[in-house]
Amino acid sequence: MDSLTFLHSSDWQLGMMRRFLGPDGQARWGQARLDAVARIGAVAERTGAAFVVVTGDVFEHNQVERQTILRACEALKRIPVPVVLLPGNHDALEPGSLWTSSQWLAHAPGHVTVLTETTPFRILPGVEIVGAPWRSRRPLSDPAAPGYAGLEVDPAVDSAAGPATIRILLAHGQLTSLSGGMSEVPTIDQAAMEAAVTDGRLQYVGLGDRHSTTRVTDRIWFSGTQEVTSPEEDAPGNVLKVTIGDGIEVEPIRVGAWHMVDHRVELFDEESITALEDWFAELPDKERTYVRLAGDGSLSLPLLTRLDTIIDAQGEVFASVERWTKFWTVRPAPDAADLESLQLSGPARAAMEELRQALAGGDEGAGAALSLMHRLARDAG
């Protein structure tokens, strides 16, 4: 063949929960993950892709609800070309795997193949897919190696005609160079994998597990997840269009629709709060955006009340807005005028005075209580 084009995706993690989105946001985000799968089908049709590969973690875990499996099967039906799925660490081929469940076996579309062995799978004449499916969540060695360990060097690899067979490795796991030494399971031997590409045993390596689209070499890529799952991801929401001919071309194509954003602010005065309000106003796709706020500073009670009101209101507009507890250190700084403006008397005033003394002694909880007291008194008035 003159050239081959296919799509590479991974880490769909259908059935994933994100509690910070709330019930409404969670439902819409869960559906968005399925919608992104359907958009992969549209990309396949538009680009003339011969097939689609998904390199691990198709599902969030092996005990996802029956509804999740059935909806996944419906989304897969909207991909008009053969689809090859690789079990990853989340949906490993362990006892009780969903891949052997009656729900999956009864409803999986006929054009979908699950790689359960390392035996090369001939998807087209002259094109083989080799895979390294996970058989447990805790492998004892390099999780990619079984996929290519027994392959022989193609004797035609150095000829002008190129290799007689195009081989594509599907694997799941972290590279040592990208894991930061934090992986709890064995990592992929990058040098050995690159050697298999160099000597012609492999023409492309599609990796999963890393949620951001990442180029390792020209022929080794992480596709990233089809829809963002965390603000830490710097390039999620893509599918890779891979074309192998005289050389190789890999093009990320956007299929995701959601955004998850970290935003850091310093809040000391009215101007800084107005700037935050303007930042919220300028963000697009609010109903599909989660915002995690990190903040530092100190505010008078009226300004702190205004801040709370803004964040609460934006939480109704956006998919979700939350203060990042680990990095939220905005402190109340009430002055005498703030407290006198409450016009409290009797036990309420005594409680206010007690809280003010506690705040002066360094009790930040007292400041939060004073802020709440100010807000309730304002709303009552």
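Strand β9 (residues 214-217) and strand β10 (residues 220-222) pair in the antiparallel sense over three bridges. Strands are said to pair if DSSP finds at least two bridges between them. Helices (H or I, at least four residues) and strands (E, at least two) are DSSP runs, numbered from the N terminus. The link from β9 to β10 is a hairpin of two residues, and T217 has I220 in β10 as its bridge partner.

## Basis of the description

The model is predicted: local features need pLDDT of at least 70 and side-chain atom pairs count only at pLDDT 80 or more, while totals for chains, interfaces and linings use all residues. Residues are numbered from 1 along each chain as its sequence is written, and side-chain values use heavy atoms, with hydrogens and water left out.

## The protein as a whole

The protein contains ten helices and 15 strands. Of its 381 residues, 50% are buried. Buried means under 20% relative accessible area, exposed means over 50%, and partly exposed lies in between (1.4 Å probe, protein chains only).

Contacts (heavy atoms within 4.5 Å) can also be sorted by separation along the chain. Among the contacts with a separation of 6 or more, 73% are between residues 24 or more positions apart.

Strands of a sheet pair through backbone hydrogen bonds, either parallel or antiparallel. Axes are lines fitted to C-alpha atoms, for helices over the stretch in contact, and angles run from 0 to 180 degrees between N-to-C directions.

Within this sheet, strand β3 (residues 83-86) pairs with β4 in the parallel sense over three bridges. V83 stands opposite V112 in β4.

## The helices α1 and α2

Two packed helices are described by the angle between their axes and the distance between the axes. The axes of α1 and α2 come within 8 Å and cross at roughly 30°. That makes α1 roughly parallel to α2. Angles under 35 degrees count as roughly parallel, over 145 as roughly antiparallel, 65 to 115 as roughly perpendicular and the rest as oblique.

The crossing of α1 and α2 is right-handed. A crossing is right-handed if the near helix is turned clockwise from the far one by less than a right angle, and left-handed if anticlockwise. At this contact, Q31, L34 and V37 in α1 meet R71, A72 and A75 in α2.

## Loop residues

Most residues other than glycine have a negative phi. D11, although not a glycine, has a positive phi of about 55°. D11 lies in the loop between β1 (4-9) and α1 (22-47), and counts as buried because its relative accessibility is 0%. D57 is another residue other than glycine with a positive phi, near 55°. The place of D57 is in the loop between β2 (52-55) and α2 (66-77), and D57 counts as buried at 0% relative accessibility.

Q174 is in the loop between β7 (166-172) and α4 (176-179). At 16% relative accessibility, Q174 counts as buried. The side chains of Q174 and D209 are joined by a polar contact of 3.2 Å. A polar contact is a pair of N or O atoms within 3.5 Å; within protein, one must be able to donate a hydrogen and the other to accept it, and residues adjacent in sequence count only if both atoms are side-chain atoms.

Three strands form an open sheet with parallel pairing, in the order β13-β14-β15. Its edge strands, β13 (259-267) and β15 (320-332), each pair on one side only. Neighbouring strands of this sheet are turned by 10° against each other on average, direction ignored. Nine bridges join β13 to the parallel strand β14 (residues 289-299), and L267 stands opposite G297 in β14. Helix α6 (residues 270-282) packs on the sheet, touching β13, β14 and β15, and its direction makes about 165° with that of β13.

Helix α6 also packs with helix α7 (residues 301-317) at an angle of about 5°, with their axes 10 Å apart. The two helices α6 and α7 are therefore roughly parallel to each other. Residues in this contact include I273 and F280 of α6 and L303 and I310 of α7.
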